[in-house]
Amino acid sequence: MTTTTSPDPTTDSARPPYAYGDLDRLMGLMTGDEKHAPSATSTLDVLWVLYDRILRIDPARPHDDDRDRFVLSKGHGPMAYYAVLAARGFIDERTLAGWAGFDSPLGWHPDRNLVPGVEVSSGSLGHGMPIAVGMALGLRARGKRGPRIFCLVGDAELDEGSNHEAIAVAARLALDALTVVVIDNHSASLGWPGGIERRFAVEGWSATTVDGRDHAAIEAALTAPHPGVPHAVVAVVEAKS
Amino acid sequence: MIRPSMRQRFVSVASELLDSDPRIAVVTADISAALFRDTGAARRHPQRVINVGIREALMVDVAAGMALEGMRPIAHSFAPFLIERSFEQVKLGFAHQGVGGVLVSTGASHDTGAYGRTHHGPGDVALVATLPGWRIHVPGHADEAEAVLRDAVAREEPGYVRLSERSNVEPVGYSDALTTVRQGGAAAPVVIAVGPMLDPAIKATQDIDATVLYATTVRPFDAAGLRAAMTGTDVVLVEPYLEGTSAAEVSAALSDRPHRLLSIGVPRVELRKYGTASDYDRAFGLNSAGLRERIGAWLAAAKATATAR
């Protein structure tokens, strides 16, 4: 059962000696700032835990068929994503400095054709989760039970109705290879009365809510068994100012 | 007469392809899902025949996700829901990701006459044609639809196959190139008939000295074939969807030659009528009588202009 396997991040030899503490500096190569406001880093801790402790990936083999897949659906504000990809060895940190320039592979929205390790080109909201559902169905159709799919969305992104088509169908089709992480920085203009977790739970997902800055809690939530059903982790961070 | 249905042929061919090629998947949003149960394909391949319910936006992105996993997905619904409703998914799910897939519509333009405007989709080809890298096919007969489907599925690039309830009596054959159906005399006008418009175009021009070319593939457009067929200056483009959809392709193909172009297709109007597809053809001047009148008047006016010079 893939969903109950304990995480086994690849310990590739080429892994550069970056730590969580380096991420601010790496982001600074793009933003020019030493320190970053919480609103610029809402995804940072979840991304770090995913890439440091959860995802079975190897930057030397970014297209390995047995890798875990990470889909950044919320493609905007990708500095934290690029910083983590650099820390994890997918991007040379020298590439960060020219970001968003005409010839840079790193734009305001990531393109899978330009950046190794980027699974899905995103930007327009509400496509990542539906595509991740298709990826999970593709893996199932190919008989591949090993790889897992993690998809990150934002709480405001959930406004897009296409996500709700995906939430319903992922559970009805029992896509247990799929985990969706919702970064909740309370930026949905009309809010989610009753909570985001319930939107998933009512459709039959395994769902939980954690502190989006607590690495141990994030790791525990991302590794919780969810046999036969997809899994949702709502990671709550500071409200967007 | 009852002609073989392109939609039924699609279901039987896709069901056969599912049996022979493990990369093929079919994704539906209720439309035609029962037909894939009838062929047994849904039972034989439950992991590759996916019905997502009435969720067309999801259907297209699911197909894209399966393509990202190395599969060759076929997504299928009525043209307005597959293309118009889901257009951003079509735009971002395939060429932008760098993967392919095949979109197969049924219920072309006003095929579903009495359903009204909500179920009519004459803008489908024009919309898909705004995207880079897509092959667009408009078969005019079930046999051509089958050949198109087999070819589109075997390729890697994105493909759109527009199936219709309307059909020519006999197939010409599927080709990427324009096929000469009738050869006119020196400097004769060239009539390009697309898909199911061939039979009415042939009948409409039977008393006119014209070369008639037939197209089942409109993107990429066979510019070289048109240039080779042109011995005069006059081109008549007869398309079964939005009027002028391929006019820019014709103009580009002939950009260095003096030419005149008459574009015939579905006009931009809210007709607010029901009835049958034939009723719509009559109203839009797309049956043989309507085509004869428009083409004849245009050629006469063009001739008068030429004489006046």
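**One sheet, strand by strand**

L103(B) has Y160(B) as its bridge partner in β6(B). This is a predicted model: local features need pLDDT of at least 70, side-chain atom pairs count only at pLDDT 80 or more, and totals for chains, interfaces and linings use all residues. Residues are numbered from 1 along each chain as its sequence is written, while chains are lettered from A and ligands numbered from 1 in the order in which they are written.

That pair belongs to a parallel pairing: strand β4 (residues 102-106) of chain B and strand β6 (residues 159-162) of chain B are joined by 4 bridges. Strands are DSSP E runs of at least two residues, helices H or I runs of at least four, numbered from the N terminus. Two strands pair if DSSP finds at least two bridges between them.

Now the whole sheet. It is open, with 7 strands of chain B in the order β2-β1-β3-β4-β6-β5-β10, and its pairing is mixed. The edges are β2 (49-51) and β10 (217-219) of chain B; each has a single partner strand, so one side of each has no neighbour in the sheet. From one strand to the next, the twist averages 20 degrees.

Two helices pack on this sheet. Helix α1 (residues 6-20) of chain B touches β1 (24-28), β2, β3 (72-78) and β4 of chain B, and its direction makes about 140 degrees with that of β1(B). Helix α8 (residues 142-154) of chain B touches β1, β3, β4, β5 (135-137) and β6 of chain B; its direction makes about 165 degrees with that of β6(B). Contact needs C-beta atoms, placed from the backbone, within 7 Å. Axes are lines fitted to C-alpha atoms, for helices over the stretch in contact; angles run from 0 to 180 degrees between N-to-C directions.

For context, turn to chain A. Strand β2 (residues 149-154) of chain A runs parallel to β3(A), with 6 bridges between them. L152(A) faces V181(A) of β3(A). On its other pairing, β3(A) runs parallel to strand β5 (residues 231-236) of chain A, again over 6 bridges. There I183(A) has A235(A) as its bridge partner. In strand β3 (residues 178-184) of chain A, 7 of 7 residues are buried. Buried means 20 or more other C-beta atoms within 10 Å of a residue's own; exposed means 12 or fewer, partly exposed in between, with C-beta atoms placed from the backbone.
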